[in-house]
Amino acid sequence: MNKLILKLALISLVVFFSSCGGDSDPGYEFMPNMYRSPSLETYGENTINGMNAQLPVEGTIARGHLLTFNYDGTLEGYLAAGNTTVNPIQDNKKTRTEGKALYGMFCEHCHGETGTGDGTIKHAIYSAVPHYNDEKLLRRAGVPMNELKPGHMFHAITYGLNAMGPHASQVTEEERWLIVNYVQQELQNSGK
Amino acid sequence: MFLRLKNINLRPKIEYTFNMIRIHNFKSCILLIAVFFTFSFQSLAQPDGAQIFKANCTACHTIGGGRLIGPDLAGVTKKRKADWLKQWINSSSDFIASGDADAIAIYEEYNKVAMTSFYFSDEDMEALLGYLETPPVEEVKVAVATDATQDEGMKSSTKMMIVALVLLILVFLLTSIKNSLKESLGQETKTVSETVIAQTNAFLANNINKLFVGLFIMIVVLKFVFDTLMGIGVTTSYQPEQPITFSHKIHAGDNSIDCNYCHSSARSSKTSGIPSANVCMNCHTNITSGTATGTAEIQKIYDAIGYDPETRTYIEGYEQKPIEWIKVHNLPDLAYFNHSQHVTVGGLECQQCHGNMEEKTVGQVATMQELNNISFNKENGIEFEHATLTMGFCVDCHRQSEVKMDGNDYYTSMHEKMKEKYAGEKITVEKMGGLECGKCHY
């Protein structure tokens, strides 16, 4: 009986110690100054103006990011964009595959794989996303979804519309045109 | 709506009675069939107001859930006449243009946001108005107590603690039982500590036992020292608490949002990037509460960016503050790792290095075992033998991983030469020079 108690006590001690150490601890670092160096890291902090993630200085243009879409976020800007812009992307197999991949990353969970608005987001708000091939309901532009022009779509991605947020920070201008091309060629008139 | 609901309730009941009655009463059976058919026929022909509302309006309106893009529609049928509503829903823009004072007033109130023109058929419109008139009784939500973190099950360490506690309690219980037994016999009693000390002394009196215990302690200590040394700089399964209990399971898992939607720079740059608050706001301008944590966690996004979920507007002049996420993966500065090289050029899946993130809450360094179980790694014959984020981890994969040769214009001539040189062999990253120190160290 005494031995049994001793064994139990020992086991419980061992178990108790082996339970130490959790996942919220990064462990030890050899030469931590190589892991946490004074150089400025992406998204780190700095002592000059706080965050490393900064907007470009006003009036400057980052290389390869010349903005060619100069319409503002208002309804007038939207209508003007629809009337005047053309899609600079050439439609071919390669650009369509690229557009499809991007559409899968940025739009599919709301607009659905086939553009019928049956995305994977389960929240009620996103159960009423318009269909790309809808030909009845008139949109802001006075035309239904299947007649939206490239400029309209580009404007919608850039500035958003109501429950759809603006996606300008996630996709570059070129990528936006690729998506628009894919939507126009494959989804807008699908099922016809 | 009411009719339809009744139908749904009645149908199984009728079917049930139908089966029961058939044996006894053939006549009433036929009657029942007739009733059954008329009911189901009706339910097919009747347009469903709830369905119409869900498919067209929920993006902008709630019924009794507060303002979204447009006003809360609870009680709107009392506020407006049916005719007014019909005109408004069919084409609010035409209605406003026609100069209706109420229409213009509400349009102005909502900052001239245009509502879609619907032009419903008369039956659809009736069904919809019927639905607006008698919206569903507020569903009593059963409080879902599963916290986002509890979902993953208890941590193994907590489980061990509990086992240890149970064992300890057992020890004291047994001792007290023994003592009370002894007491009733009039024998001498001992407490737990007395027993333990006496037993240990008796055990150690033997020299061989002493040697074994000494050896045992030495091995344990050495193993501990060795493990600690080997563990230096290894951050496997590290998962710190984050300022917002953001759940990858809810977003990337349940709602299947692509990893690149939030980590949008992985395709094109060295870092994968943590989404800024504006990305969260793409959805959370409207989704103001979650099933697991209510408004508590989502409110933290609003506190950072300055958004008022009541009026659904950004607070002007608000001093925005960053959300300070804690960095989980961290290579030392002596090593260079680039996401676009792997994700875009190499065509690898995030899961190959990060494990099943879509099943976890906040960011975690995946363990080696987890990575070896990922289907992409299995299919490509990649098996890791070194802990994640060590140099061995990179080298393991570079030795086994094949280079994606097609669709890569940048290296066309290089790839042609390699195909010639290694004809018939698997061209791994190693053969391309992926193990040269200078590729990863600077």
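User: Why is the meeting of the side chains of B:Arg267 and A:Glu175 called a salt bridge?

Analyst: In this predicted model, the side chains of B:Arg267 and A:Glu175 meet at 2.7 Å, N to O. A salt bridge requires a side-chain nitrogen of Lys or Arg within 4 Å of a carboxyl oxygen of Asp or Glu. The pair B:Arg267 and A:Glu175, at 2.7 Å, therefore counts as a salt bridge. The count between chain A and chain B is 1 salt bridge.

User: Which elements give two or more residues to the side of chain A that touches chain B?

Analyst: They are helix H1 (2–18), helix H2 (32–35) and helix H4 (93–106) of chain A. The largest share, 12 residues, comes from H1(A).

User: What makes residues of the side of chain A that touches chain B nonpolar, polar or charged?

Analyst: The residue type decides: Leu and Phe, for example, count as nonpolar, whereas Asp and Lys count as charged. On this basis the side of chain A that touches chain B divides into 28 nonpolar, 19 polar and 11 charged residues.

User: How do you know that chain A and chain B are in contact, and how many residues does the contact take from each?

Analyst: Contact means heavy atoms within 4.5 Å. By that cut-off, the contact takes 58 residues from chain A and 67 residues from chain B. The area buried between the two chains is about 5500 Å², with carbon and sulfur atoms giving 61% of it.

User: What makes a residue of chain B count as buried, and what percentage does so?

Analyst: A buried residue has under 20% relative accessible area. Of the 442 residues of chain B, 33% count as buried.

Technical notes
Residues are numbered from 1 along each chain as its sequence is written. Chains are lettered from A and ligands numbered from 1 in the order in which they are written. This is a predicted model: local features need pLDDT of at least 70, side-chain atom pairs count only at pLDDT 80 or more; totals for chains, interfaces and linings use all residues. Side-chain values use heavy atoms; hydrogens and water are left out. Buried area is the accessible area (1.4 Å probe) that two parts lose on being put together, summed over both. Helices (H or I, at least four residues) and strands (E, at least two) are DSSP runs, numbered from the N terminus. Buried means under 20% relative accessible area, exposed over 50%, partly exposed in between (1.4 Å probe, protein chains only).
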